Amino acid sequence: VNAKKDRAAVYAKTGAVAAVYVALLWSVYQYSAIRWPAYSWFWVAATFVGVQCALTSTILIGVYIHRSVVEIRRRRGLSALYFLRQCIASHAAGDDLRAELAPTVKSFPSEFDATLLEFLDGFRGTERERLVDLAASMGTVDRNIRAYRSRNPAKRRNALDALAKIASPEARLTLERALDDPDESLRLTASRALLSVGGRAEAEKVFATSLLQAPVFRALVAEDLRPFILVLKEKAVPEALRSNNLREVLATLDIIWSWGRVIDLPEATAFVDSPDSVIRAVAIHACRYAAPHTLSSMVPRCLEDPAPIVRRAAAEAAERLVLAAALPQLLQCLSDSDERVARSAAKAMSRMGAKGLNLLEVQVIEGSPHVAPVALEAVEKARLGRIDWE
Amino acid sequence: MMPSLSSLFDLYYFLFNTFNYAIIAYVAAINTVYFLMMILGFFAVRQYRGGLSAVEMRSLFRSSLLPSVSILAPAYNESATIRQSVRAMLGLNYPDHEVVVINDGSKDDTLQILIDEFHLYKSSRQSIARLHSKPIRAVYESREPIRLVVIDKENGGKSDSLNAGLNIARSDLVAAIDADSLLDSDALLQVVRPFLTDPEIVAVGGIVRVANGCRVEHGKVSRIALPKSWLARFQVVDLMLDFLVGSVCFCFL
């Protein structure tokens with residue numbers, strides 16, 4: 001609904017500008033053609049040239065004026081910067097300088113906010129608390145909450161970043177609300193901001209939010225959730241795996257795979273037998289970290305799965321876990337109808353020492369025309385040492 | 001019977017006027033279309049949610065959920081720039097990408113430069129003959145720990161080279177570029193993002209900018225500038241209009 005509204009707004013604005021443009025053309029033409037009726041084609045051309053030159057000049061002059069105003073404001077702000085820094089530092093040290101700061105903050109609110117946020121980065125403990133109080137009393141929190149309600153996405157993102165730095169109760173509340181924002185980029189910013197200031201509860205909330213988002217969101221948030229892996233493993237992850245919603249389960253397995261850290265989650269192995277082939281494949285990837293020992297015994301069976309995506313995941317797991325027990329099934333996979341499965345199997349075999357390489361070399365000589373090239377490529381890579389870094 | 005001078009003059013006048021109106025109508029139409037596209041593009045860009053920030057890029061780079069990418073770069077007589085271009089492509093900021101250069105029967109020493117510069121050996125990597133292409137003479141890979149594949153094939157044009165590259169590529173996604181193009185260091189991360197946002201997406205395109213006149217160092221644009229010749233400058237403006245305004249507008253539509 002939001003996207004449709006946004007599109008409609010763009011069309012409406014374009015239509016409005018186009019209407020003004022056409023009206024301008026028509027008026028200028030009418031005015032010129034009536035006054036000088038001869039050579040009407042000349043006036044058509046002259047109208048176009050004149051109107052377009054006028055529009056271009058207006059835009060250029062507008063840009064110049066805007067830039068000049070911004071520059072003047074910036075220079076005026078610089079004059080107050082020294083005073084603001086001194087006052088904020090003294091306030092952090094224990095002096096109460098709110099009364100002295102108030103008139104300057106009224107004149108230069110954005111400069112004050114930027115300076116205060118810089119200071120917040122460098123302080124901890126009581127000094128930081130004093131600065132957070134100052135942010136609340138001088139209106140920095142309110143200004144950023146207002147900026148978050150703006151229509152400009154960049155402004156809203158900056159406001160959320162600022163609120164994350166302040167991390168006062170009101171700021172946290174706004175960040176939590178932003179997790180449900182219709183704009184994905186703002187949900188992402190809010191999630192990352194909450195994780196940067198929050199604890200267990202915030203991590204669980206962000207984890208739960210990320211399960212319903214697009215893969216890019218999960219990929220980004222999963223990295224920020226890394227410091228909370230042990231916390232999430234206790235309750236949030238097992239709960240998500242018990243969910244009846246397959247999308248949530250898939251997202252959880254995706255995140256475990258993305259973390260790439262060994263965590264003990266034996267319940268993840270149940271999904272290796274899921275009726276959905278995509279879930280089976282992702283579960284195999286996730287179980288490499290969540291339950292490597294249990295997975296080892298399941299890989300040979302998975303290599304015979306009817307779905308190529310699962311066979312490929314199993315071959316990759318066999319490679320990572322160096323499962324010599326899976327060699328007979330991997331050998332069968334060399335002649336798989338899906339070439340990606342065959343290549344993954346060959347790569348896995350080439351990592352299993354002399355036994356795997358010998359089997360591959362036999363296939364190079366005796367294998368079918370489909371199998372021999374795949375085996376040869378894997379042997380060559382292993383012999384040249386490429387397999388170790390690729 | 002000969003037509004009178006007056007009727008000839010009338011005919012000439014009529015043709016002259018019609019021609020003038022046709023020219024004016026054409027210029028007016030094209031200007032109006034460009035103007036509307038520019039306005040639409042302007043509002044569409046204002047609404048754009050913005051790309052990933054530098055911090056988000058770093059997070060995405062570490063993620064194992066990123067698909068692998070093969071960059072296909074057809075090259076024909078590119079000996080002057082191939083070394084720098086391939087180095088730039090190999091140095092792109094992406095965790096899992098390979099560069100596939102397709103030497104499309106170059107008559108110069110493009111292939112030899114690649115062999116010498118990147119210590120290539122004849123690889124046993126096989127082409128999956130799914131798409132038709134001119135015969136492949138050899139496939140090379142590097143002895144160094146870099147993911148570079150060079151296909152040496154008979155001349156067949158760009159589309160034929162891309163077919164050969166597609167047959168040899170082994171990644172989840174492929175990116176087709178010209179061998180003399182320069183990619184922004186984060187281009188692959190940006191271009192992969194839509195695939196991760198919407199699983200229905202099958203292809204994406206990037207914005208192309210003109211590097212004529214810019215200073216290029218180590219495969220990266222170090223200083224943006226316009227070309228010296230005025231003709232080339234007009235060409236840059238025209239290309240920017242097509243690539244920036246046109247792309248943004250049609251993408252929105």
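Among contacts in chain B (heavy atoms within 4.5 Å) between residues at least 6 apart in sequence, 71% join residues at least 24 apart. The model is predicted, and local features need pLDDT of at least 70, side-chain atom pairs count only at pLDDT 80 or more, and totals for chains, interfaces and linings use all residues. Residues are numbered from 1 along each chain as its sequence is written, chains are lettered from A and ligands numbered from 1 in the order in which they are written, and side-chain values use heavy atoms, with hydrogens and water left out.

The secondary structure of chain B comprises seven helices and eight strands, taken as DSSP runs numbered from the N terminus (helices: H or I, at least four residues; strands: E, at least two). Chain B is more spread out than a compact globule, because its radius of gyration of 24 Å is well over the 18 Å that the globule rule gives for 253 residues. The radius is taken over C-alpha atoms, and the rule is 2.2 Å times the number of residues to the power 0.38. The C-alpha trace of chain B spans about 85 × 50 × 40 Å along its principal axes.

Of the 253 residues of chain B, 40% count as buried, that is, under 20% relative accessible area, with exposed meaning over 50% and partly exposed in between (1.4 Å probe, protein chains only). The accessible surface of the chain comes to about 14300 Å², and carbon and sulfur atoms contribute 61% of this area; areas come from the Shrake-Rupley method with a 1.4 Å probe.

Ser70(B) lies in strand S1 (residues 69-75) and is buried, with a relative accessible area of 0%. Not counting residues up to four places away in sequence, the residues touched by Ser70(B) include Glu98(B), Val100(B), Ala169(B) and Ser171(B). The side chains of Ser70(B) and Ser171(B) are joined by a polar contact of 2.7 Å, a polar contact being a pair of N or O atoms within 3.5 Å; within protein, one must be able to donate a hydrogen and the other to accept it, and residues adjacent in sequence count only if both atoms are side-chain atoms. The C-alpha atoms of Ser70(B) and Glu141(B), 71 residues apart along the chain, are separated by 14 Å.

Two loop residues are described next. Asn77(B), in the loop between S1 and helix H3 (82-90), has a positive phi of about 50° although it is not a glycine, and counts as partly exposed at 34% relative accessibility. His119(B), located between helix H4 (110-118) and strand S3 (120-122), has a positive phi of about 50° and is not a glycine; His119(B) is partly exposed at 43% relative accessibility.
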